[in-house]
Amino acid sequence: MTALASAKDTEMVVNKNSASPNRVIDIDNLSLTFETNDGPVHALSDIDLKIDEGDFVSFIGPSGCGKTTLLRVIADLERPTAGSITVNGVSPEEARLNRAYGYVFQAAALYPWRTIARNIALPLEIMGLGKDVQQHRIKKNMELVNLSGFEKKYPWQLSGGMQQRASIARALAVEPDLLLMDEPFGALDEIVRDHLNEQLLQLWAKTNKTVVFVTHSIPEAVFLSTKIVVLCPRPGRIYDIIDSDLPRDRNLDIRETPEFLKIAHRVRDGLRAGHSYED
Amino acid sequence: MTDATLTQGRSTSPFAGLMSGTVGPVIVVVSAIMAIWYIAAVALNTPFQYDLYERAGQTDVSTSQLITDTLAQKKPVLPAPHQVVIEIYKTTVEKKITSKRSLIYHSGITLSSTLLGFLIGTSLGILLAIGIVHSRVLDKSLMPWVISSQTIPILAIAPMIIVVLNAVGISGLLPKAMISTYLSFFPVTVGMVKGLRSPEVIHMDLMHTYSATRLQAFWKLRLPYAVPYLFTSMKIGMAASLVGAIVGELPTGAVAGLGARLLAGSYYGQTIQIWSALLMAAFLAGSLVALIGVIEKLTLKRMGMNR
């Protein structure tokens, strides 16, 4: 840019920068093979994937396609057998030790002997944060997931949807830039799921975190994501990567629009093609 | 309206209300045991009673007289419940606690070694379990010994422990407590190994994502998870400790303790004394286990685990 550049040009530069932000996850030619008694199982094969800061990426695919395994590799819960992966530019293990991510499991996995507030405090205690910081973060994140007033309740006193929100608050309390979510709403009914999907989008808009989200619901994937990764099984591999052009600011009504249906159609086609492979 | 009319309104059976609580069934079971006990006492004591009549030259004894006499023998084969109760009353309420004839005094002796042994045994059990859960080597090398230790009859090993400890100058409470320890560490070890391993994979994964150390995972996850298991195994361990303490008193020729009462009773054929000591031991075990139950309830309530 020259010194003569107009205000408009400068704005363009800013836009350009935000269009190619920092790389958060860089997966290159990654494979993971489990050795079992029945021989090797190729859970993941030749995965190439880049995820940038602020992306909302969904992994979608049928059971056994390796979507959860891929998420677990990012979280350093599994080790790849070939290829390379970096998270925030370092190995997944280092990223985990830096507490770079928050992980939300399929089940809420709250500790039954801890109140909701103390469940959210759990990672903070492990990090060795002071009591004041803990209290502040508990309050903030319980507000964020609309659970204020339930601090002293035990998990079994909450509904499934509220438990899962508490587990999201627990993941957020670590204040990670990266949120890894493994079918967090899979066990909930459709109405609660829609509601939580909307809340999750608002949360993402508010915090500008990078989210990697595993699901096997097409509407959920299309509604939430800026990037949809379609995986197919045996061996687990990426079939299609769809960059969604839906606006970031969306509500549930968008699911009726042609743009939404077009993306959903492409995802469905991908899932079908991936499946026909084994027929 | 009273409860009785309410009950009758709901059910055709007049006993339905009585049996729906816990009091009714308990009374029925206790009465059944008493009935069986009395019948058995009469039946078992009759032959000796006939001997007595023969020696005294008595004939034509009425059945009611026979029954009364069989339930009032001095050294019956099976003492009647009321004889045992009277004996217990005499040796607890009517004797000073310091008296050598007081059952409370003897219970106290046994109780002290039971509790000491239980304490050592539970601590040992927990420590072993922690080692076994955290180290594969300990798991492989220690667990077989832990199990085989319990295959040795306690009656065989109790005198050895007493003799060996005596030889190194340890006597009194500790050798008896060691036998209690020997019996009570086992259920605690097994229960705690199970408990410390019981956290679900998802909870362990969660700890991993937090990069928690093994120590943190132990304090914040494994140990709380194991608490219900600990209480269950402590109940078994407590009962085993009492057995251990009593058995420990037998081979030593101890002069005090419930075991000593049992031994003295069998020397002199004092069956009533034996039975009263037995009942006292059962009462002691029941109270101790109930006490652990109460502590368990309070603890789990504090932990928010009782629903």
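Colleague: What is the handedness of the crossing in which H6(B) passes H13(B)?

Modeller: A crossing is left-handed if the near helix is turned anticlockwise from the far one by less than a right angle, and right-handed if clockwise; in this predicted model, H6(B) passes H13(B) in a right-handed crossing. Helices (H or I, at least four residues) and strands (E, at least two) are DSSP runs, numbered from the N terminus. Residues are numbered from 1 along each chain as its sequence is written, chains are lettered from A and ligands numbered from 1 in the order in which they are written, and, the model being predicted, local features need pLDDT of at least 70, side-chain atom pairs count only at pLDDT 80 or more, and totals for chains, interfaces and linings use all residues.

Colleague: Which residues of H6(B) and H13(B) meet?

Modeller: Contact requires C-beta atoms, placed from the backbone, within 7 Å; Leu103(B), Ser107(B) and Leu111(B) of H6(B) meet Ser276(B), Met280(B) and Leu284(B) of H13(B).

Colleague: What is the order of the strands in the open sheet of chain A?

Modeller: Strands of a sheet pair through backbone hydrogen bonds, either parallel or antiparallel, and two strands count as paired if DSSP finds at least two bridges between them. Here three strands form an open sheet in the order E2-E1-E4 (chain A), with antiparallel pairing, and its edge strands, each pairing on one side only, are E2 (39-52) and E4 (82-87) of chain A.

Colleague: How many bridges join E1 to E2(A)?

Modeller: Ten bridges join strand E1 (residues 23-36) of chain A to E2(A), the two running antiparallel, and Ile25(A) stands opposite Ile51(A) in E2(A).

Conventions: Two residues are in contact if their C-beta atoms, placed from the backbone, lie within 7 Å.
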